[in-house]
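Here is a friendly tour of one protein model. Please have your viewer ready.

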Amino acid sequence: MIGIDESTIAAVALTLKLALVTSVLLMLIVTPMAWRLSRWQSAFKPFVLAIFSLPLVLPPTVLGFYLLVAFSPQSPVGEVWVSMTGETLAFSFEGLVLGSIIYSFPFALQPLYGGFVQLDSRYLEVSQSLGLNRFHTFMKVVLPLCRAPALVAFGLSFAHTIGEFGVVLMIGGNIPGETQVLSISLYEQVEALEYEQAHLLSMALLLFSFSLLVLLYRFSGKGGLGWNLSSR
């Protein structure tokens, strides 16, 4: 029977932690932004959506390279981080979280944006006629009605973060217990010709990803995964 060593267990734990933290932060950031975008009418809207969707088409190494430059102590962002914490942002867990938020941003934004765009505006009109302000309308009407897109956004962000490789390798390196996530551990095992262990991890990731997608499709119903790149 194939055993799982401690470094692999540590990589699994770190990956799950990274995915959870990234997904929660993304939902807090993206939800109000997606709502604002769905209501915004402007000639610049396609350009804004294109910027937010760049991680979908950019090679991960390109994004990872520019993030590595931005996180270096010589950059304004990296310099501020060093002055606040005394540590570098690159090759740290915090750097992985920030990079993962940027890399997985469109996977959270698009389902929510699609759900908000498809929301019947009559619900908002009724809510306003009952005296609810915008904040309470959003919290008590919009979010409950868009529960499925929100679950899809969280699930896709979580799954996408678990599968990251190029970006996390560029900005986090391969430090066991600190920045070595599951995808990097798998790559290391393949390089070391430990194919049985690599096969075990690959099958586990495959089954996890497939099961999660099945659940997301069940939650999303007829609307698919709410993947909407329109610029309404």
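Residues are numbered from 1 along each chain as its sequence is written, and side-chain values use heavy atoms, leaving out hydrogens and water.

The pLDDT is the predictor's confidence in each residue, from 0 to 100. Its mean over the protein is 87, with 93% of residues at 70 or more.

| Helix | Confidence | Mean pLDDT |
|---|---|---|
| α11 (residues 195-220) | lowest | 84 |
| α5 | highest | 94 |

Over residues 227-232 the pLDDT is below 50, though this stretch has 24 contacts (heavy atoms within 4.5 Å) beyond near neighbours in sequence. Where pLDDT is low, the predicted coordinates should not be read in detail.

Now to α7, residues 134-145. Thr137, Phe138, Val141 and Val142 are its buried residues (under 20% relative accessible area with a 1.4 Å probe, protein chains only; exposed is over 50%, partly exposed in between). Seen down the axis of α7, they fall within an arc of 125 degrees (from the directions of the C-beta atoms), so they line one face of the helix. They pack against α1, α5 and α6. Phe135 and Lys140 are exposed on the other side of α7.

Lastly, Ser185 sits in α10 and is buried, at 2% relative accessibility.

Notes: This is a predicted model: local features need pLDDT of at least 70, side-chain atom pairs count only at pLDDT 80 or more; totals for chains, interfaces and linings use all residues. Helices (H or I, at least four residues) and strands (E, at least two) are DSSP runs, numbered from the N terminus. The expected span of a helix is 1.5 Å times one less than its number of residues.
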